[in-house]
Amino acid sequence: LFSSMDERGITPNVVAYNALVKACCRFGDLNRALQVAAQMDEVARRPDVVTYGTLIDACGKAGRIDQAFALFEEMMTRKISPSRVCYAALINACSKAGDVAKAFEILGWMRKHRVQVDLVVYNSLITACGRRKLLGRACSVFEEMQRVDVKPDYVTFNSLIAASARVKNVTKALEFFYLMTEAHDIKPDDLTFNTLIDACGKAGKLDKAFEMYNEMLERGLQPCPVTFNALIDASGRLNRLSSAIELMEELRRRNLKPDNYTYNTLISACCRNDDIGKAVQFLEEMPSDGVRPDAVTFNTLIDGWSRVAARGGFSRRQTATSGAWKIYEKMLEAKLVPSMITFTTLAKTCSFAQDCEGVTRLVSEVRTNRPRDVEPASTSVLCKALIGCGFLDEARAFLDDMIDLAPKGRGKDGRPIAAWSRIETAVSQALKDSSAA
């Protein structure tokens, strides 16, 4: 359509170019939008404040923060005065990048140039503070809003509730909720309730989480899998497995589909409550819901078998070892790459069961898979398992291999860095003690 203007002898003006830039940004083609803006100069249609505002906003949303600032500087160089939209877009870009200092620096620029700070800017600042867990600063921004009589909206309160939840301050989150609904008579949305339910659950306030869930229903809002995931997780943390399972059934009754997080949370709840059989049953149910188990699923189940081994007698420990290895094999069948978390959890299971053959196999698997997340703590667990089986020389050789495999295992002088040196000392001491004995 834009090209046809030229064919018909119609010269596109700045408004037409801006409409095309905006359309490109809306459809996610930022590079094309930038090309169109560059063409404007070529045809003597100089980009204006609208052009720059649109591009800065798009760059911020795409995470291209440096480019957003470059456009802003270009705008200033051309003596184009930024609008509130430009400033707000730049602050929002900083918010997404978590650069609180830069966001407040831009706020200073706005005040210097006597640009009115509006609700959008304040909301972006509160969000930026929340993402960096700066609840106090977010509250200060909110207090300033009240002083200058800028009315908050649901975005303001959702951001303040989320900021409170991030620092596990449930009391403050609920305070903002009641301020939102009672003092300001603003209707909460599903995001409000999901954030509060999750925060209450993680704080161990299950009754309050269910109170929020019931209020959500009373207000005519429909729960989603995120809602149920938070409640299932909270129930599992407080050893209320029956409640977690009932929530899964309620989710299905509402014709909602469980996702990976739902199943992983439920499997974790089963493992925490020593019902490994139920956990494995949920693993087998996942394909029927179109859900593919991921690394978290398998690692959680292996950890569940580790818990069984830690608490059981000899026979139960043997069963646990066998069960853990079966889960590991299923993980490989699913074409998933085991991590050091996988191997560490397996090592604990084998150690509890005094399964030295399993420990040897495990070390071989680590060497074969060469996991990318090798670090001192997990390597220490595997070395202890080898030492516990009397494989002292193998522990020493394995440690050397892991130091070489780790991203920062050795310094410039070729010697292990401090964290690895401590494990090296422990292994060397075990060798000395063995020789002395």
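**A residue and a helix**

Mentor: Let's begin with Ala269, which sits in helix H16, residues 260-272. Helices here are DSSP runs of H or I with at least four residues, strands are runs of E with at least two, and both are numbered from the N terminus. Keep in mind that this is a predicted model, where local features need pLDDT of at least 70 and side-chain atom pairs count only at pLDDT 80 or more, while totals for chains, interfaces and linings use all residues. Residues are numbered from 1 along each chain as its sequence is written, and side-chain values use heavy atoms, leaving out hydrogens and water.

Ala269 is buried, at 0% relative accessible area; buried means under 20%, exposed over 50%, and partly exposed in between, with a 1.4 Å probe and protein chains only. Beyond its neighbours within four places in sequence, Ala269 contacts Gly236, Leu241 and Ala244, contact meaning heavy atoms within 4.5 Å.

Now for your helix: H7 covers residues 100-112. Its 13 residues should span 18 Å at 1.5 Å a residue, and the end C-alpha atoms lie 19 Å apart, which agrees; the expected span is 1.5 Å times one less than the number of residues. Val100, Ala103, Phe104, Ile106, Leu107 and Met110 are its buried residues. Viewed down the axis, they fall within an arc of 150°, so they line one face of H7; the arc is taken from the directions from the helix axis to the C-beta atoms. An α-helix has 3.6 residues a turn, so residues three or four places apart point the same way. These buried residues pack against helices H5 (65-77), H6 (84-97), H8 (119-131) and H9 (135-147). Ala101 and Lys112, on the other side of H7, are exposed. Just after H7, Arg114 adopts a positive phi of about 55°.
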